[in-house]
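Here is a short report on selected local features. Please read it beside the sequence and the model.

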Amino acid sequence: MNIQRFTTIFKQDGFWLMLHFLLRDALALSLLAFAGLMTIEGLMPGFVSGHLNLAKVLFAIALLFFAFIGIGQQPAFAKATAWQGKTSKWLITGLLFWSSLLILNSLIKFPLYAIVITFLLTAVIGKLLYDEFFTK
Amino acid sequence: MTHTLSIPKPWQARYNIARVLLVLAFTFAAAYFAFLVLFPSQSLVFDFKNPQASKNTLLDPRGADDSILDKGNIPALMPLLVDAPVMRGDYSLFHINILTDSKFTKSKANFTWPTGETTLRKSYRAFFLPIGSPITEINPNQTAIHSGSLLSFADGVFLIDGNLVRPIGDASIFENLGYDWDDVMPASEEDMGAYEKGKIVTLGNIHPDGTVLHEIDTDAYFLIRDGEKHPLLNKSISQSYLQGTHPIEISSASSTVIQGCILTISGLFSKNYACETPIDALAPLPGDTFQISTQLDQEIAFQTMDIEFTDTVNIKNMRVSLSTIKQRILAHYGQ
């Protein structure tokens, strides 16, 4: 009787929706934590990697991501339309600012001209990739 | 008509509870990481069934008579010596766990479990070499580059070890071995080409022949040569071997300051010996290696030996860790 009750949970849309939102929250927290760890690693190279295997952390985040995508294939999401919202400008600005600081920090021991060239090249390549994948 | 995703009302309470638990889990993980950072530990291991395995971080298991004991068969009353190289010398606690070989114990009729103890001393591995004959003459070969010299070439620092030139792993290994940055000499390609390339110098490497040790409390000098520490009888002889460089500083107290604990036996199916002891008294002594001696009163066979160095959780150790972090950040940005 209990097993039957347990298995009927998996047939309820509410369960899959709840799991979907939890995975979204877990992904957000994981990516935030990973960003923090990469920032510390940038300030003190070898400090984080000496305590944690960052490859395993990335692997765990990838697993969460694929679970998030996989859950989205459930019938509970069949009626949902493609997401039509806009990404927060503050989020994009914040990400770009943080990425720029990390890149500059990794170049700190290079000569000034090398820093300028590398930074500009990174920005150009980033813009080209963004135009290719995110705009039509 | 657009359909947006939302959780049905019956599931919202469960979602909120699960969300709180998720945040608590991440907070706990962050706190655990902070604990690992503020109170670091170091674990070392030796697998006597796989003595050549690369995962063996405890070095050179041997008897007090220099017999090789890397298979784990320990004669009665023979101290088993192993060297434990550490990144930091100021840990507070030492814990040892030795798993015995059950095949050995089952093969012996009327076997009774031996009793024994583990002791630790701290210095450089070269300090524990046997004392050789004193050197009574000035160094006959006073070339600038010789065994024991430190050279810089390209982006690396190298150590001359006999006829080998060996790269030093990183700056922390250089400093842990007691070397002075002022002693590093720039080398040309010709200088480097005169030597064969050797293995990378890692934590716990024994200082090579030609290294001069200086006992800071007795003002005695020693030269490492052919696996022995040879006393250098006077200052002019010492200076002829140093040639303006700094000696590796050691302390005679490394022979006499010993910490230890009595091994206790436990375990249901596989018996293991374990004990724990504070090692704060060893922290001030110079050196990058703990020499661990384990002695039991009867013959025994070991399977694995696990050692852990940890910090006592207190404000003082936390401040030391924070200070180390600050120094590390300043060092990275060139201060």
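## Basis

Helices (H or I, at least four residues) and strands (E, at least two) are DSSP runs, numbered from the N terminus. The model is predicted: local features need pLDDT of at least 70, side-chain atom pairs count only at pLDDT 80 or more, and totals for chains, interfaces and linings use all residues. Residues are numbered from 1 along each chain as its sequence is written, chains are lettered from A and ligands numbered from 1 in the order written, and side-chain values use heavy atoms, with hydrogens and water left out.

## Around B:Glu249

B:Glu249 sits in strand β15 of chain B, residues 248-250. Its relative accessibility is 43%, so B:Glu249 counts as partly exposed (buried is under 20% relative accessible area, exposed over 50%, partly exposed in between; 1.4 Å probe, protein chains only).

Neighbours within four places in sequence aside, B:Glu249 contacts B:Tyr124, B:His214, B:Ile216 and B:Pro286 (contact: heavy atoms within 4.5 Å). B:Tyr221 is 28 residues from B:Glu249 in sequence, and their C-alpha atoms are 9.4 Å apart.

## A five-strand sheet in chain B

Five strands of chain B form an open sheet with mixed pairing, in the order β10-β7-β8-β9-β11. Strands β10 (184-186) and β11 (196-197) of chain B are the edges; each has a single partner strand, so one side of each lacks a neighbour in the sheet. Two strands pair if DSSP finds at least two bridges between them.

Strand β7 of chain B (residues 150-153) runs parallel to β10(B), joined by three bridges. B:Leu150 has B:Val184 as its bridge partner in β10(B).

## A:Ile117

A:Ile117 belongs to helix α5 of chain A, residues 112-134. At 47% relative accessibility, A:Ile117 counts as partly exposed.
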